[in-house]
Amino acid sequence: QVQLVESGGGLVQAGGSLRLSCAASGSIFSINAMAWYRQAPGKQRELVAQITSDGSTNYADSVKGRFTISRDNAKNTVYLQMNSLKPEDTAGYYCNTWVKVKFPGPVLAYWGQGTQVTVSS
């Protein structure tokens with residue numbers, strides 16, 4: 001089994017910054033892509049940022065230039081640095097990873113429990 005533990009959410013004023021972390025542990029052979037999604041009340045979950053195993057990244061248009069995704073492969077951890085936060089960034093943020101638990105074997109998706117980010121105006 002694979003566990004994802006997120007941290008770093010909280011309450012911040014508009015214009016402030018937060019850094020989210022998500023550490024994967026358990027039976028891991030390799031990790032492919034890692035990503036952050038978010039879901040606001042009454043809205044669908046949306047992709048915020050993704051980083052592949054070779055470090056390629058892509059971002060939602062709404063966060064480009066403000067958010068930065070990175071990963072530490074030695075620690076099986078993905079980060080999301082969020083700057084210039086806006087009230088519309090308020091949501092539950094969820095870590096997503098694609099993990100191969102054994103070789104040979106399939107690549108499976110795992111989700112974190114979510115961490116709340118609230119941006120006040």
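Hi everyone, let me start with a contact I like: Glu46 makes a salt bridge with Arg38, with 2.7 Å between the closest N and O atoms. Before I go on, please keep in mind that this is a predicted model.

What about the surroundings of that pair? Glu46 is partly exposed, at 35% relative accessible area, while Arg38 counts as buried at 5%.

Now, which arginine besides Arg38 does Asp89 bridge to? That would be Arg66, at 2.7 Å between the closest N and O atoms. Arg66 lies in the loop between strand 6 and strand 7, so its bridge to Asp89 ties together parts 23 residues apart in sequence. At 11% relative accessibility, Arg66 counts as buried. Through shared partners, Arg38, Glu46, Arg66 and Asp89 end up in one network. The whole structure has four salt bridges.

Four of them make an open antiparallel sheet, ordered 1-3-8-7. Strand 1 (2-7) and strand 7 (67-72) are at the edges with a single partner strand each, so one side of each has no neighbour in the sheet. On average, neighbouring strands here are turned by 15° against each other, ignoring direction.

Inside the sheet, strand 3 (residues 18-26) and strand 8 (residues 77-82) run antiparallel and are joined by six bridges. If you want a spot to look at, Arg19 stands opposite Gln81 of strand 8. Thanks, everyone!

Notes
Residues numbered from 1 in each chain as written. Predicted model: local features only at pLDDT ≥ 70, side-chain atom pairs only at ≥ 80, totals over all residues. Heavy atoms only, no water. Pairing = 2+ DSSP bridges. Helix = DSSP H or I, 4+ residues; strand = E, 2+ residues; numbered from the N terminus. Axes fitted to C-alpha atoms, helices over the stretch in contact; angles between N-to-C directions. Salt bridge = Lys/Arg side-chain N within 4 Å of Asp/Glu carboxyl O. Buried < 20%, exposed > 50% of the residue type's maximum accessible area, 1.4 Å probe, protein only.
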